[in-house]
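Take a look at the structure below.

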Amino acid sequence: MEAWAPTREECLAQAVRGVCASFLDLTGAAGVRRRDVEIRAERDEDVLVALLDEVVYRLDTEGEVPVDVELAPVDGGVKGVFQMADAGSLPVTGAAPKAVTLHGLALNRGQDGWTCSVTLDV
Amino acid sequence: MDITLVEETPFRFRIERQVPMRVPGVVFATRELLPQAAGDKALEQVVNVATLPGIVRASYAMPDVHWGYGFPIGGVAATDMDAGGVISPGGVGFDISCGVRLLAAGIDRGPLAPRMRRLMDILGDTVPRGLGPGGLWKLSGRSQLGELMVSGAAYAVEHGRGVPRDLERCEDRGTLPGADPSQVGQRAVDRGLRQVGSLGSANHFLEVQAVDRVYDEPTATAFGLHTGQVCVMIHCGSRGLGHQVCSDHVHAMDQSLRSFGIELPDRQLACAPAVSTPGSAYLGAMAAAANYGRANRQLLTEAARHAFTVVAGAGLDLVYDVSHNMAKIETHDVDGVRRRLCVHRKGATRALPPGHPDLPDDLAEVGQPVLVPGTMGTASYVMAGVVGNAAFWSAAHGAGRVWSRHQALRRVRGEQLHEELESHGIAVRPKSWRALAEEAPDAYKDVDAVAVATEGAGLARLVARLVPLGVVKG
């Protein structure tokens, strides 16, 4: 999965959206509850991994997925809000992610903003 | 990376050792089965694994090898426990103790045919699958989950989910020793509590099959199989719990690499000496997750038994249950010396030869059943372990992907595939069309060729070929 955006936080948010859209049709999906998230890690790419780990964990334990994501920078990480929808209420369009790998992991700032790349196990 | 393969036999290729490899690479395959897709880096991964501290003899690849994360899928690597050999969670895979279970039905395909639709409907309605929580067994909490993680399939049988004979036909009799639930983190527990007895998604399945051909009558008879017989094959693992255990311990070992002076070409190869604190912690957690996986397949067996009883009044006897994502502590001869090894099999099946002491008495003369699932549109194989296996008693675990999921989606429509399978008499109960398309038969290598290469390479021998009648997919 690859994502890109002008800022690091928006790039991370796009990554979350991209992962969810890889296995569910999110068209018209609306959040029914809110989850606060706060992630800290030594490296930017590890923030990405931890953020997506959170998505996988919520899906497996609560059967819910973020359909709207807002993130802001904090020291050593990000903080924000996931608006969650019940995964069971959305059409399944692919295999659900079960883990986030470190294989080919990247989150970098370039000339045109931020890009990231991450491989998920399904 | 330029990799030169030296053809040693029509079924065995060698990658010579170059710095920083500690051992050579050995690929058991025909030229046609070698990873060929553009960008497939499976052979590069065979080379990377050969750099792991303590690895002995060779970094092996099975005939179904394909590109994984860190380790290739279809990879086997043994490290010397008493010479700094490492354990790598990535060498086991995320889905710890993912494996295959084969059940032999007390009915043949002819008599079942008129009842097949009803059977598939009941299986489709009663086998939990797809994303999120939901399993056949609602555990009371961490304490009960802990007991299940210690005893595995034996715990399920003790609680009325199966019969004692089932355990005789399970690898390790259904319980991998050494489980330490205290090394399983809270998140893994949270994910595991409500998924015992569920298939999951992606390439996992419950398939009703028929024995299409028997290659070795005495061995097939010992396994409980005959031509025309109906079987059930279950492919799944330790669900979210196993994945979380792998993630948690990969991260822990990623942090400890420096303290052990280990440098790696890929972070997903994160590892630690098997006898170190993080190494022991992972081995304890891995065994707990493995036992969860075995209990999971035991529960799904009971769902299949219920459906066969209701529809056909037929029983299901376990042929064998074997993992293909595991690391095990085993003793092998290396250069004439008996050594205690940590044998990683990621997408590779243990294949014990005839006479091995770990085999149940009734299989001692014929060897361990080696289960090689193919695809929902082609075939699967039952093979048997052989003497002389050069890869620490390991064999192929399936057909092996050749298309990525994206490629499969670009080339195959789920609805069309469904129609094609139904027109060939294969009943399909998918959760979604796209998920079905991702698992299209054309996305995999030719399983017939994989089975022939497995035999040609001296890894296992052919016993029976199974064809699909119906498939329940996540």
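Which residues does B:His324 touch, not counting residues up to four places away in sequence? They are B:Cys98, B:Gly99, B:Val100, B:Arg345, B:Gly347, B:Ala348, B:Thr349 and B:His397. Touching means that C-beta atoms, placed from the backbone, lie within 7 Å.

This is a predicted model: local features need pLDDT of at least 70, side-chain atom pairs count only at pLDDT 80 or more, and totals for chains, interfaces and linings use all residues. Residues are numbered from 1 along each chain as its sequence is written, while chains are lettered from A and ligands numbered from 1 in the order in which they are written.

An unreviewed UniProt entry lists B:His235 and B:His324 under "binding site". Such annotations may be inferred rather than shown by experiment. The two are spread over 90 residues of sequence, yet their largest C-alpha distance is 10.2 Å.

B:His235 sits in strand β9 (residues 229-236) of chain B. Strands are DSSP runs of E, at least two residues, and helices are runs of H or I, at least four, numbered from the N terminus. B:His324 lies in the loop between β11 (316-323) and β12 (325-334) of chain B.

Why does B:His324 count as buried? It has 30 C-beta neighbours inside 10 Å, and buried means 20 or more (exposed: 12 or fewer; partly exposed: in between).

Now turn to chain A. Three strands form an open antiparallel sheet, in the order β1-β7-β6. Strands pair if DSSP finds at least two bridges between them. In chain A, β1 (2-5) and β6 (106-110) stand at the edges with a single partner strand each, so one side of each lacks a neighbour in the sheet.

How values were computed: Contact = placed C-beta atoms within 7 Å.
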